[in-house]
Amino acid sequence: MYVTAAILSVLLALVALAAGAPKALLKGDVSAGLQSHLGLSAGLVRFIGLAEVAAAVGLIVGLFWQPLGIAAAMGFAITMVGAVGFHAKAGDYADPATRGNAMAPILLIPLSVATAVTLGLAM
C-alpha cells in the first residue's frame, strides 16, 4: 500500500506545484485569467498559489510522516472544491470554451482523497 501512496503523493505534489507556482509568483496566463475572468484579487491568487505549493511540500514530507501527507492531500482537496465553486459561479461549466480548464479541479478532488486514504492505510 505504501508504494501506491507514494506514487499518488508524488503525482499530486507535481500537479500542485505546477498549478501553484505560477499563481504564487503571479506569472502566466492562469494568474491573469483568475484575476480578469473570475475577478480574484492578486493577493487571493497569490494565497491560492502558496496554498498549492504548501500542499506539494506537505505531500512530499508526508511520505515520511503520513499525518502531514494526509492533511496536505485533504487541504488540496478543499482548495479544489473552492475552485469548482468559483468556476461554477463564473459559468465556466456551461461554456464549451472554458469547460476544459474548469474540469481540472473536479478531477483532482478524487485524486486528493485517494491519496489521503492510501496514506492513511499505509500507516
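Glycine 33 lies in helix 2, which covers residues 28–36, where helices (H or I, at least four residues) and strands (E, at least two) are DSSP runs numbered from the N terminus. The model is a predicted one, in which local features need pLDDT of at least 70 and side-chain atom pairs count only at pLDDT 80 or more, whereas totals for chains, interfaces and linings use all residues. Residues are numbered from 1 along each chain as its sequence is written, and side-chain values use heavy atoms, with hydrogens and water left out. With a relative accessibility of 25%, glycine 33 counts as partly exposed, a class that falls between buried (under 20% relative accessible area) and exposed (over 50%), as computed with a 1.4 Å probe and protein chains only.

The secondary structure of the chain consists of five helices and zero strands, and the pattern read along the sequence is α-α-α-α-α. The radius of gyration, taken over C-alpha atoms, is 15 Å, close to the 14 Å that the globule rule gives for 123 residues, so the chain is as compact as a globular protein of that length; the rule itself is 2.2 Å times the number of residues to the power 0.38. Along the principal axes, the C-alpha atoms fill a box of roughly 45 × 30 × 15 Å. Of the 123 residues, 35% count as buried, and the accessible surface comes to about 6500 Å², with 76% of it belonging to carbon and sulfur atoms; these areas come from the Shrake-Rupley method with a 1.4 Å probe, and for residues only the protein chains shown count as cover. Among the contacts (heavy atoms within 4.5 Å) with a separation of 6 or more, 66% are accounted for by residues 24 or more positions apart.

Helix 4, residues 66–90, has 25 residues and reaches 36 Å from its first C-alpha to its last, close to the 36 Å expected at 1.5 Å a residue, the expected span being 1.5 Å times one less than the number of residues. Its buried residues are Gln66, Gly69, Ala72, Ala73, Phe76, Ala77, Met80, Ala83 and His87. An α-helix has 3.6 residues a turn, so residues three or four places apart point the same way. The buried residues of helix 4 pack against helix 1 (2–25), helix 3 (42–61) and helix 5 (96–121). One of these buried residues, glutamine 66, has a relative accessibility of 15% and, leaving aside neighbours within four places in sequence, is in contact with Tyr2, Leu119 and Met123. Helix 4 is followed by glycine 91, whose phi is positive, near 80 degrees; glycine 91 and glycine 33 are 58 residues apart in sequence and 14 Å apart in space, C-alpha to C-alpha.

The 20 residues of helix 3 should span 28 Å at 1.5 Å a residue, and the end C-alpha atoms of this helix are 29 Å apart, which agrees. Within helix 3, the buried positions are Val45, Ile48, Gly49, Glu52, Ala55, Ala56, Gly58 and Leu59, and what covers them includes helix 1, helix 2, helix 4 and helix 5. In helix 5, alanine 102 is buried, with a relative accessible area of 1%. Not counting residues up to four places away in sequence, alanine 102 touches His87, Asp92 and Tyr93, while its C-alpha is 9.4 Å from that of phenylalanine 86, at a sequence separation of 16 residues.

Leucine 26, placed in the loop between helix 1 and helix 2, has a positive phi of about 55 degrees although it is not a glycine. Most residues other than glycine have a negative phi. In the loop between helix 2 and helix 3, histidine 37 is partly exposed, with a relative accessibility of 44%. Histidine 37 touches Ala90 and Asp92, not counting residues up to four places away in sequence, and the C-alpha atoms of histidine 37 and leucine 119, 82 residues apart in sequence, are 36 Å apart in space.
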